[in-house]
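Keep the picture open while you read.

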Amino acid sequence: MIKDEQPRRHGRIDEVGPLADVNILQLAGSEEGWPPGYLARGYRAGAVSFRRVVERWKFTHLGRVADVGSGFGLWSPFLAEVNDEVIGFERNERGVELGGRLADLFGLANLRFEKADITALASPPAVFDGVWCCNVLHLTDRGKVLSEVNRILRVGGRLAILQYNGAGAVLRKFYDGY
């Protein structure tokens, strides 16, 4: 691929219009089960910002990717458009339903969501080429989640553990209590 050439993208995210105009709260039907204002923030950062992060973490052309603790799938569509298959694992049934609606809206047949306890995933070992885990470890039993991530990620696979406060905050949270 020529360096300036755009990667082939699955789906039709760009055809939906400006992402800031996607009303996630309306798609969800209500804010029930989510922190106040969380759904309203949605995709206001825009596709370029999300794509830039996915590319910076080299999460393209990986094949099969798990989005562990995906919520409603904020990152999942951007992972799915540049990988063969993405599965969002989320404990919140409303998040799973909303993620499915977004996958349909964006035309991403390679994106699906499963209701799951991310400390005990019902997935065979070593089946994912990448695991994306964004803004969730501080809300869970980190040790159990990291054990599951290690179990489902194939040897040599790519792992991204992110938190919105930056890499330093991720490390601080990771080491707290250990």
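Let's start with a pair of facing residues: glycine 130 stands opposite arginine 158 in strand E5. Before going further, note that this is a predicted model, so local features need pLDDT of at least 70 and side-chain atom pairs count only at pLDDT 80 or more, while totals for chains, interfaces and linings use all residues. Residues are numbered from 1 along each chain as its sequence is written, and side-chain values use heavy atoms, with hydrogens and water left out.

Strand E4 covers residues 128-134 and strand E5 covers residues 153-162; the two pair in the parallel sense over 6 bridges. Two strands pair if DSSP finds at least two bridges between them. The element names come from DSSP runs, numbered from the N terminus: helices (H or I) have at least four residues, strands (E) at least two.

Proline 124 sits in the loop between strand E3 (111-115) and E4. Its C-alpha atom is 6.5 Å from that of isoleucine 152, although the two are 28 residues apart along the chain. Leaving aside residues up to four places away in sequence, proline 124 touches Arg151 and Ile152; contact here means heavy atoms within 4.5 Å.

**Salt bridges**

The structure holds 9 salt bridges. One counts when a side-chain nitrogen of Lys or Arg lies within 4 Å of a carboxyl oxygen of Asp or Glu. Here are some of them:

| Pair | N to O distance |
|---|---|
| Glutamate 81 and arginine 9 | 3.2 Å |
| Arginine 64 and glutamate 85 | 3.0 Å |
| Arginine 151 and glutamate 148 | 2.9 Å |

Is glutamate 148 buried or exposed? Glutamate 148 is buried, because its relative accessible area is 11%. Arginine 151, at 26% relative accessibility, counts as partly exposed. Salt bridges that share partners also join Arg9, Asp14, Arg51, Glu55 and Glu81 into one network.

**Helix H3**

Helix H3 spans residues 47-56, and its buried residues are Ala47, Phe50, Arg51, Val53 and Val54. They cover an arc of only 160° around the axis, so they are on the same side of H3. That arc is the one spanned by the directions from the helix axis to the C-beta atoms. On the other side of H3, Val48 and Arg56 are exposed. What do the buried residues of H3 pack against? They pack against H4, E4 and E5. Just after H3, lysine 58 takes a positive phi of about 55°.

Methods
Buried < 20%, exposed > 50% of the residue type's maximum accessible area, 1.4 Å probe, protein only.
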